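Colleague: Could you take me through the strand pairing, the helix packing and a few local features of this model, with the criteria behind each term?

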Number of protein chains: 2
Amino acid sequence: MRTAICERLGIEFPLFAFSHCRDVVAAVTNAGGFGVLGAIAYSPEQLDTELTWIDERVGGRPYGVDVLVPSKIDASALDVDARLADAIPERHRDFVAHLFSKYGLTAPPSGVSLGPVAGPAARSAASPAAGSADEVGRRVTAAGATGLIDVALKHPIGLIASALGPPPAEMVAQAREAGVPVAALVGTVEHARRQVAAGADLIVAQGTEAGGHTGDISTMVLVPQVVDAVAPVPVLAAGGIASGRQMAAALALGAEGVWCGSVWLTTEEAETAPAVKRKMLAASSLDTVRSRSRTGKPARQLRSAWTEEWDAAQESPGPLGMPLQLLMAEEAMARIGAAAERGEPGAVELANYFVGQVVGQLDQVRPAREVVYEMVSEFADAVERLHRLSG
Amino acid sequence: MRTAICERLGIEFPLFAFSHCRDVVAAVTNAGGFGVLGAIAYSPEQLDTELTWIDERVGGRPYGVDVLVPSKIDASALDVDARLADAIPERHRDFVAHLFSKYGLTAPPSGVSLGPVAGPAARSAASPAAGSADEVGRRVTAAGATGLIDVALKHPIGLIASALGPPPAEMVAQAREAGVPVAALVGTVEHARRQVAAGADLIVAQGTEAGGHTGDISTMVLVPQVVDAVAPVPVLAAGGIASGRQMAAALALGAEGVWCGSVWLTTEEAETAPAVKRKMLAASSLDTVRSRSRTGKPARQLRSAWTEEWDAAQESPGPLGMPLQLLMAEEAMARIGAAAERGEPGAVELANYFVGQVVGQLDQVRPAREVVYEMVSEFADAVERLHRLSG
C-alpha cells in the first residue's frame, strides 16, 4: 500500500511504531514500516549509543525519534538549578511509603537507582533508563529536550516527533535546517491547527483509547475532523490500532497512515518487564484507565493497585503535576518493578505500564516483524472485503 | 453496498437510524436505510399511533422498534404498586429546586406535565412523551417494556432491539414467534456473548463515544473484538459514526453495518428542541460528557450546567439510580426545556440532551434523506480511495 507519506519518507507501509526499545524500532523499520524511538527514556549520551546501534542495523532505512516537550510544566522544573526532588511534598512521599508498606514490599536493595523499569512506553510517557532524579525530571522540559534533539539530528533520522504541546520553534528550525520533517501528536482539532501553525509537517491524531497521554475524543471521531482541519498536511491515526482491520479503518477515516505503540509492548523484542507483560497478555480492554498517577498528566495505562490507590483511596494526596509526579512515580515504579521480578505479590499488584485499550487484543508474544506482516496482510483483506461489499 | 444484513432485512444500505422521531424513522427507511423508533418515549397506545403513522408512509419498507430494558433497576421500581415518585429523597428534590432558583427559572406554567422535551435520543435514553411520573418510571422495567413489545409486534416491524441488558426471554420468544429478529446493544465483549446466549440475532457494538448509555471502550477497539467473539452473528457498529468515512471505517473493522443516533438530532425532521439543536450545532467534540445525571446510568450527553452541577457541585447529593434519577431529571428537564424555549438564559444553560462525540461534526440542519445519501456517497469515495491506496 502506498500513501503520500510512504513516498515522502521512503517506506513500504505507512505503519509507524513508537517504542522505547531500539530492537522494536529496528525490526519495524527493517520490515518496511517506520520505527520511532521514544528518546525521553535516555540521557543524550545514551540516546547517541542507541541511535548508533539502530544505524548499524537498518542499512539506511528510515526511522525517527520522539521527544516529550510538555507545554505546561511545574514551575519548579524551570529552575534548572533547584533540586527537583526537593520540590516533592512530604505527604506525597509519605503516601508512597504507605503504599510500599501496605503492599508488603521488602526494602529495596541498597544502591538501587532509576533503572529501566517497565520497558517501552505505549507512546510518550517517560521511562528513565538512567540518571539522577533531577536529570530525569529536567529531560521533560524544553531545555532537556533540546539536548536530545541535538543528538538525534546528528544521526540520519527521517522524522522527529514532539509528543506534548507544539514543537518548540528552535526544534522546528533545527529540523528544517537538517531537512528532517517534524511530526506532532494531538488530541483535539484546535491543537492540530496550533501544531501546523508552529511548523509541524505531519500530524498524529491520537484518540482517547491510546496508551500514554491522551485526550477525551475517540480516534473514530477525531481523525476525520483533524484531516479536514489541517489538509493538505498529512495525518496519521493513533489510538485503538493494533490490527490490519483497525489500520484499514484509520485509512478509511482519511489518515495517511497509522502510529502504533501498545502492540509492540508484548512483542519478543520489547523490554517490557516480564510481570507487566504477563498482566498485558491477560488484560481485557476494560483493564486500562486514564490516570494522572504516573506522570501528573492524564495518561492511559493498565489499571493496577497504583492507579486505584492514587485515584480513589481516601488517604491519597492526589497526584502532583508534571514533572514532579513523573519523577516520584518512576522512582517508586523502579523499586516496584524490581520487587515484582522477585515475585513479591504486592509489587505485582502495584506494577503497571502505559498501554491503550487494544491491550485486550494482545494475547501472545510474537516477533515485531511478524506483527508488521500480519497487520499488512489483514489490511489487504479488510480493503478487499470492503471493496467487494461496496460492489 | 450489500452486506448479509442488507439481504436479510431487505434494505439497500446497512445504515440504521435510531430516533425517537417517527419522521426520521420513515425518512431513513424510505431512503434505503433502516429506521428504528425508540419506543420508550411512548405509552403503548401512543406507540401504536406512531407505528401506524410510519406504516402508512413506508410502503412496506422495513423499520424497527427499540425498547429499553435495564438489567439492574432500583428495587423500588420493581414494586409496581408503589408510587415511584415517592421514592425520590427529599435532598434530591431540594437540589433540583436549588438549581431552578440558582439559574433564575420562573415558575413553570400551571398544569405542565411530562411533555416532549428534547426530542429524539441519540439512542436508548428515555424522553417521555406523556404519562404520569409513575408510568414513565415503570416503562423502563421489564414489565413496562413488555407492553411496548406487545404493541410493536402487532405492526409489520423488521427488527426489535433491546437497549440495555440481555433481551428478556419472553421478548425473544414473542419475537421468534412473530419471525422478527432481535438486536441487542452492547459495550463489552462479555455482554455481547451474553446477549447471543440470550437469543440476540444481531449485535450492536457501541463505543464509548456514542450518545446515550455507553461503556468505556471505543468503537475502534470494541467492534473487531465483538465481531470475532460472536461470529457468525452479524454486528453493527455504533458510536462515532455520522459520515461516510466513519461508515467505511466501521465496515473495515468487520461490522456488517452501522447504527447511528446523533446524526439525526440536527436534521430538519428531528423534534429536538430548538434551544438544544442550536447548542448541538455550535458544539465541538469536547462538549459532551458521560454523566449519570439524566438517567442514573452513565449516558453521554451535551455538557451543560445540569451535568456540571450534578457531577461537580459541592452541594450535589449525587445522582440516584435508574429509574428514579431518570424520572426526576425528565420532569425537571421538561420544565427547563419549556423555559429555554421562552428564552430564559438560565434554562438555556441547563438544557442538554443525549448526543455522541460526533456532535462536533454537526453544523447544519438538513433533511434526513440527504444525510443518508451523503453518507452513502462518501462511503463509496472512502472505499475507492482505500482500494487505490492498497494498490
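Colleague: In chain A, which strands stand at the edges of the open sheet of three strands?
Modeller: This is a predicted model, in which local features need pLDDT of at least 70 and side-chain atom pairs count only at pLDDT 80 or more, while totals for chains, interfaces and linings use all residues; side-chain values use heavy atoms, with hydrogens and water left out. Residues are numbered from 1 along each chain as its sequence is written, and chains are lettered from A and ligands numbered from 1 in the order in which they are written. In chain A the sheet has the order S7-S11-S10 with antiparallel pairing, where strands (E, at least two residues) and helices (H or I, at least four) are DSSP runs numbered from the N terminus, and two strands pair if DSSP finds at least two bridges between them. Pairing on one side only marks the edge strands of chain A, which are S7 (212–213) and S10 (288–291).

Colleague: Turning to chain B, what is the bridge partner of Gly212(B) in S11(B)?
Modeller: Chain B has an open sheet of three strands in the order S7-S11-S10, with antiparallel pairing. Its strands S7 (212–213) and S10 (288–291) each have a single partner strand, so one side of each is left without a neighbour in the sheet. S7(B) and S11 (residues 299–302) of chain B are joined over two bridges in the antiparallel sense, and the partner of Gly212(B) is Arg300(B).

Colleague: At what angle do the axes of H10(A) and H11(B) cross?
Modeller: Axes are lines fitted to C-alpha atoms, for helices over the stretch in contact, and angles run from 0 to 180 degrees between N-to-C directions. The axes of H10 (residues 219–230) of chain A and H11 (residues 244–252) of chain B come within 10 Å, and they cross at roughly 135 degrees.

Colleague: Why is H10(A) described as oblique to H11(B)?
Modeller: Angles under 35 degrees count as roughly parallel, over 145 as roughly antiparallel, 65 to 115 as roughly perpendicular and the rest as oblique. The crossing is at roughly 135 degrees, which makes H10(A) relative to H11(B) oblique.

Colleague: How far apart are the axes of H5(B) and H13(B)?
Modeller: H5 (residues 90–102) and H13 (residues 305–312) of chain B pack at an angle of about 135 degrees, and that makes H5(B) oblique to H13(B). In this contact, His92(B), Phe95(B), Val96(B), Leu99(B) and Lys102(B) meet Trp306(B), Glu309(B) and Trp310(B). The distance between the two axes is 12 Å.

Colleague: With which residue does Arg176(A) form a salt bridge?
Modeller: A salt bridge is a side-chain nitrogen of Lys or Arg within 4 Å of a carboxyl oxygen of Asp or Glu, and the whole structure has 25 of them over all chains. For Arg176(A), the closest N and O atoms are 3.2 Å apart, and the partner is Asp201(A).

Colleague: Where in chain A does Pro232(A) lie?
Modeller: A cis peptide bond, with omega about 10 degrees, joins Ala231(A) and Pro232(A). Pro232(A) lies in the loop between H10 and S8 (235–238) of chain A.

Definitions and conventions
Contact = heavy atoms within 4.5 Å.
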